[in-house]
Each structure stands twice: as C-alpha cells, then as structure tokens.
Amino acid sequence: MEARAEARFIRVSAQKARLVIDLIRGRKAGDAITILRTTNKRIAPTVEKVLRSAIANAENRNTDLDVDTLFVIEAYVNEGPRQKRVRPAPMGRAYRYQRRTSHIVVKVGEKNAEAALSQK
C-alpha cells in the first residue's frame, strides 16, 4: 500500500529543493517530519506539508493502516516552468533573469510492501 502527494509550481529552484528532499528519502515518516522541522532551509516547511499530505492520503485509502509503519519510499523534485523577468540595468539596458519553479513529489508506503515490489 502506498500513497503519494505532490506540490506543483513551488517558487524555489529544483536544485535547492533536492538538498532537503535527499535528507528524508528512505526514512520513517515520523523521523522525516522531525528532520524537516529542524532543517534550516526555506523549502523545508513546504516539503513537510507535502509529506503530511501523503501520510493523510495513505490513511484515507486504508483505514486500518498504522501510521508508524510508513516510510518515505520515493521523494523527488522535478523542474517546473521558468518565469522570464527583466531587470533594469545601467544606460537604459535590461538584464534578463529567470524565476525557477519546481514540482515536489513524495510517496509513502510500508517497508515490506516495497520489498515485495522490488522482488518482482
């Protein structure tokens, strides 16, 4: 049994979000929440929100599920669309820059289910 949650168009670069996602991949869900609470990165609360959503999705799909047995099976960040912006520069010129966005995906499930899937 696994459940997933996704946050799209988050205003942070995928490279910065991956630093936080790498901390929780493969951990128990409770430990991952603790790690995210103590991580001093701007994206950490957003990743925690996605993780909590994935846990809630797992509870809604299976009522007799024990939340303490959930693990972060999969967690990844994809690059979203870039917003092109213009910044004033000296002598009437303009500098172009890009505001990057990202899509964050977190999947939670039971560890023994993951082992059964990998053996197939």
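**View A. Glu 48 and what it touches.** Leaving aside neighbours within four places in sequence, Glu 48 is in contact (heavy atoms within 4.5 Å) with Ile 33, Leu 36 and Arg 37. Glu 48 sits in helix 3; helices here are DSSP runs (H or I, at least four residues) and strands likewise (E, at least two), numbered from the N terminus. With a relative accessibility of 9%, Glu 48 counts as buried, a label for anything under 20% relative accessible area, while exposed is over 50% and partly exposed lies in between (1.4 Å probe, protein chains only). This is a predicted model, where local features need pLDDT of at least 70, side-chain atom pairs count only at pLDDT 80 or more, and totals for chains, interfaces and linings use all residues. Residues are numbered from 1 along each chain as its sequence is written, and side-chain values use heavy atoms, with hydrogens and water left out.

View B. Ala 29, Ala 32, Ile 33 and Leu 36 of helix 2 are buried. Looking down the axis of helix 2, these buried residues fall within an arc of 100° (taken from the directions from the helix axis to the C-beta atoms), so they line one face of the helix. Their cover includes helix 1, helix 3 (44–61) and strand 2 (70–79). Turned away from the buried side of helix 2 is the face with exposed Arg 37 and Thr 38.

**View C. Helix 1 against helix 2.** Helix 1 (residues 14–24) and helix 2 (residues 29–38) pack at about 145°, with axes 9 Å apart; axes are lines fitted to C-alpha atoms, for helices over the stretch in contact, and angles run from 0 to 180 degrees between N-to-C directions. Val 20, Leu 23 and Ile 24 of helix 1 meet Ala 32, Ile 35 and Leu 36 of helix 2 in this contact.
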